[in-house]
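Below are some notes for a colleague who is meeting this structure for the first time. Please read them with the sequence and the model open alongside.

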Amino acid sequence: MSDSLRLSPAPVPASVESVPTELAVQIRDLNYYFGQGDLCKQVLYDINLDLPRGQIVIMTGPSGSGKTTLLTLIGALRTLQEGSLQVLQHELVGMNQRELVDVRRSIGFIFQAHNLFESLTAAQNVEMAVELMDDRRAKRQRAIAMLTDVGLAERADYKPKALSGGQKQRVAVARALVNQPTLILADEPTAALDKKSGRDVVTLMQILAKEKNCTILMVTHDNRILDMADRIINLVDGRLETDEEIDHSTDSTDSQNPKNLDRHMFMIR
Amino acid sequence: MRTSLAWLNLTHEKTRLLVAIAGVAFAVILVFMNLGFLGSLSDTAAITYSTINAEVYLISPQALEITTTKPFPIERLYQAGGIDGVKRVMPLYVSYLQWRNVETRQSRALFVYGINPSDPVFLLPDLQKPEVQAALGQVDTVLMDRLSRPEFGPQATGTTTEADGRKATVGGQYTLGGGFAADGTLIMSDQNFRRYFDPFPLNQINLGLIKLNDGVDPLQVVEALRQTLPQDVLVMTQEQITARDRDYWIGATSTGFIFGMGVAVSCVVGVVIVYQILYTDISEHLKQYATLKAMGYRSGFLFNTVLQEAVILAVLGYIPGFIISLGLYELTLRATSGGLPVVMNIGRALFVLTLTVLMCSLSGLASVQKVINTDPADVF
Amino acid sequence: MRTPLAWFNLTYERRRLLTAIAGVSFAVLLMFMFKGFENALYDSQVQLLKVLNGDIIVVNRLKYTMFIPEQFARRRLYQAQAFEGVEAAYPLYTRDGAYWKNPDTKAVRPLRVLAFNPNDPVLNIPEVLAKQEGLKLPWTVIVDEKSRAEVGPRAAGIVTELAEQQIEVIGTYSMGTDFASANGNVIMSDQNFLRYFSDLGPEETERDLNTVDIGLVKIAPGADVNALVAAMRQRLPNDISIVTKAEFVDMELEYWRKNTSIGFVFTLLTTMSFAVGIILVYQILYTDVSEHWVEYATLKAIGYSNRYLLGVVMQQSLILTMLGFVPGYLIALVLYKAATNATGLLMNMTPGRALEILVATVSMCLISGAIAVRKVQAADPAEVFGS
């Protein structure tokens, strides 16, 4: 059992916070267009959004509403010219490619498909992320530690074809989190998983978010996990339609409370 | 018509298809070039004989090919003249002559044909011209082959130079080609031949040419002559003597071995390229193939699809390969000043097409195993 | 050490890897083969020239290649000998197209006769020295054992005919054939040369010892060969060419390179093989990038730069080169041996030639890599989302 992650002391519910923490994401007057000239089409209109540290946000909306686009913009995967988009205190508008690449390193991405390399073991796939931070010597330890946290310590040296769908996604999560990013962007992370695996993955993200004060922005249609978010924003036709905070202080069952989950649940799959 | 899955699969990714076609095309080009070079050797033997106006030939058994002959008595030719079906007999003298380039003053060996000017030995249009006929009869005057290499110098009528220490004037030109053993040729009268190669008795000839009456079967005459003439001459049809020269050259220069091996290895490369493509395609579409199986398609159908892809690839790659080869043949002709007469013929084109299809089918067969073994249950 | 992603992606599928290596090896083999034949054709032409024991070579000015049967007056050799620094001058007589009768089949084949005074150290071959005394006997000859099969059995003791006169083989030596020697070479004394070739029928050119085919001039140790050559060129009449042995070899090679189509043919074939190699390697790289396109794009999303991915592609390219070159080289060695036995051509693998093809192979892979790299640059991380 690894000691790299510890349960933090009893957290303070967001509604009772007195000291405002810095914002993970701050968006002002964001407009985004696809195509050029005659084919120019606007996909995002006047987006204004603040995402504080440690918040778990779910973004929903019909397909084509621009959710994925917004996600990729926040993820520093596209260049921006208009408005203001600050991610982890970096202003992305006007950044060139190289600068954008640097910002990406502080963000953890989780996709619908695991996108692991078939030719690498689970540990090696995770190590690919560690190597970005130039930490060659400790990379295997860190990878194993992370895989242990997601409950895949025994499978660390297996290649993806020897892992189940849920396990592969967990490796992908490990890869996204091994560098302890302060912002996690997830695109339909549970779509390819069964109910149990799906909840486990999101619960895992929750734990780690609370421990590390990490912000999570998740795009999903999965109704099964909506209750796990602190906030739900709804994007329709490129505009922020609704923005709702969810009050967890009245959760009925303690078993749903991430802080009470036993780490052992994730061992031995 | 049923959707051609093979076609769709192949053309789905444009770049991949282009690379595949390029690969097959280049393998095809390699094979065409090797065969072409081999063929040009054969053709050079054929070109000379096909220009000679005779159906039956006499040579010494010790002759190897047209430039290495041993003289034999002209009586044999006269004896042949008496056989049924023979229209006319003509002697042919051959040798090498040191020809001096008037500009560079360097001498090189030219291959010389000596003929009786009144004999219609060569089927060359230039020799029909009266002024050329007249030039042939003049003393120390020769006709020069246009296809002689540039190193021999100017070929214009009136050019006067030295050949083996004797004055020589160019009286006209013709187009023939020297083949493998000669960089250029000359035609001169037998009288001039005797002068340049003195002492050369004209009753010893290098080749005996026999022209037959129309409709007479050369093989019959050859048979008759073989019965009549002593063993000190060989009797052959034009086809037989061409084959004899060709086999000699291919053997003597090891080119048969060289280019044969070139063809073999090129084919292997082609098989590997196509196999790679088909295998990758199959691996990528394994799920789809498995789905088809689940839907009820039989293995035979999938087998056919892969084979179809192989054949389509073969044809798509053959066409550019063929066209580029034609271009390269032309390039070769130019670059060697006609020294290597590489020409495309239908037989070779068809042979290579068959070879290409076979090559690709082989790859197809090798890669099809995977498809046959897909388990439809794996889709779920 | 960084995870060798290039290596893993290239090697994790056994069959794919083997096919790839096979492809590259065969492209390498093709290049070795064609270049090998070209070199063999050239090397064969100068084998004889290389064993000539002379520092300076004298030939008739018209004899710019061994094919040309021109001689020069022996007097010139005496004149050359008079120069200071010259130790000795030896004449070498040759006859192309002498008819040798195969003792078994009785078929007659032309070969080349080399003749000289057995006391003169004309050829640097040990077997010649060994048979020095035997060659002085009339009607004797030693035969090149690498002559073509058509010449027939060639062991010592065999009696057959040369130029329609009886001849006895008293031994063999080892050299090799070329285009000018036709079916093979034999060596005899100059006196025997006269016996066979000085009294022939009217249609043949007769020879005597006053006209020499190749003159070999040995200089004293320490003498300046270039100065001597220059001096001789100045003072001797210009019906002869005077060159150093190296120049003589080059002259012959030049002729074969420039004036025959051999160079063109094999350069063309080698270039085609090179192109095939590029396509093969590109295909492999391209397939890898296509198949792992999403994973590569993911790496970009995580924060890997384009440069890293370019590096992966180039690494794969180079790994493929190396993995394919070695088997290609080894098979080429075997093939060279087989070809030498089958054709009598001299197929030699030298380190220089292997290096030449290695460089070509590396360029091949670099070029393919450079082309394939563009595709990986196009992988757009943003498109990994929502697909």
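**Notes on the predicted model**

1. In chain C, 46% of the 387 residues count as buried, a residue being buried if 20 or more other C-beta atoms, placed from the backbone, lie within 10 Å of its own, exposed if 12 or fewer do, and partly exposed in between. This is a predicted model, in which local features need pLDDT of at least 70 and side-chain atom pairs count only at pLDDT 80 or more, while totals for chains, interfaces and linings use all residues. Residues are numbered from 1 along each chain as its sequence is written, and chains are lettered from A and ligands numbered from 1 in the order in which they are written.

2. On overall form, chain C has a radius of gyration of 29 Å, whereas a compact globule of 387 residues would have one near 21 Å; the radius is taken over C-alpha atoms, and the globule rule is 2.2 Å times the number of residues to the power 0.38. Along the principal axes, the C-alpha atoms of chain C fill a box of roughly 95 × 55 × 40 Å. Chain C contains 13 helices and 11 strands, where helices (H or I, at least four residues) and strands (E, at least two) are DSSP runs numbered from the N terminus.

3. Chain C is divided into domain 1 (5-45 + 261-384) and domain 2 (62-238), with bounds that come from an automatic or database domain assignment. The C-alpha centres of these two domains of chain C lie 47 Å apart, and 4 residues of domain 1 of chain C are in contact with 6 residues of domain 2 of chain C, contact meaning that the C-beta atoms of two residues, placed from the backbone, lie within 7 Å. For chain B, the assignment gives domain 1 (5-45 + 254-379) and domain 2 (61-232), and the C-alpha centres of domain 1 and domain 2 of chain B are separated by 47 Å.

4. Which chains have the most contacts among the 2 pairs that touch? They are chains B and C, a contact that takes 43 residues from chain B and 37 residues from chain C. On the side of chain B that touches chain C, the largest share, 14 residues, comes from helix 8 of chain B, and the residues of that side divide into 26 nonpolar, 15 polar and 2 charged. Here Ala, Val, Leu, Ile, Met, Phe, Trp, Tyr, Cys and Pro count as nonpolar, Asp, Glu, Lys and Arg as charged, and the others, Gly among them, as polar.

5. Chain A brings 24 residues into contact with 21 residues of chain C. Helix 3 of chain A gives the most to this side of chain A, with 6 residues, and the side as a whole divides into 10 nonpolar, 6 polar and 8 charged residues. No contact joins chain A and chain B, whose closest C-alpha atoms lie 12 Å apart.

6. Within chain A, 4 strands form an open antiparallel sheet in the order 2-1-4-5, two strands being paired if DSSP finds at least two bridges between them. Strand 2 (41-52) and strand 5 (90-91) of chain A stand at the edges with a single partner strand each, so one side of each is left without a neighbour in the sheet. Strand 1 (residues 23-34) of chain A pairs with strand 2 of chain A in the antiparallel sense over 8 bridges, and Tyr32(A) stands opposite Leu44(A) in strand 2 of chain A.
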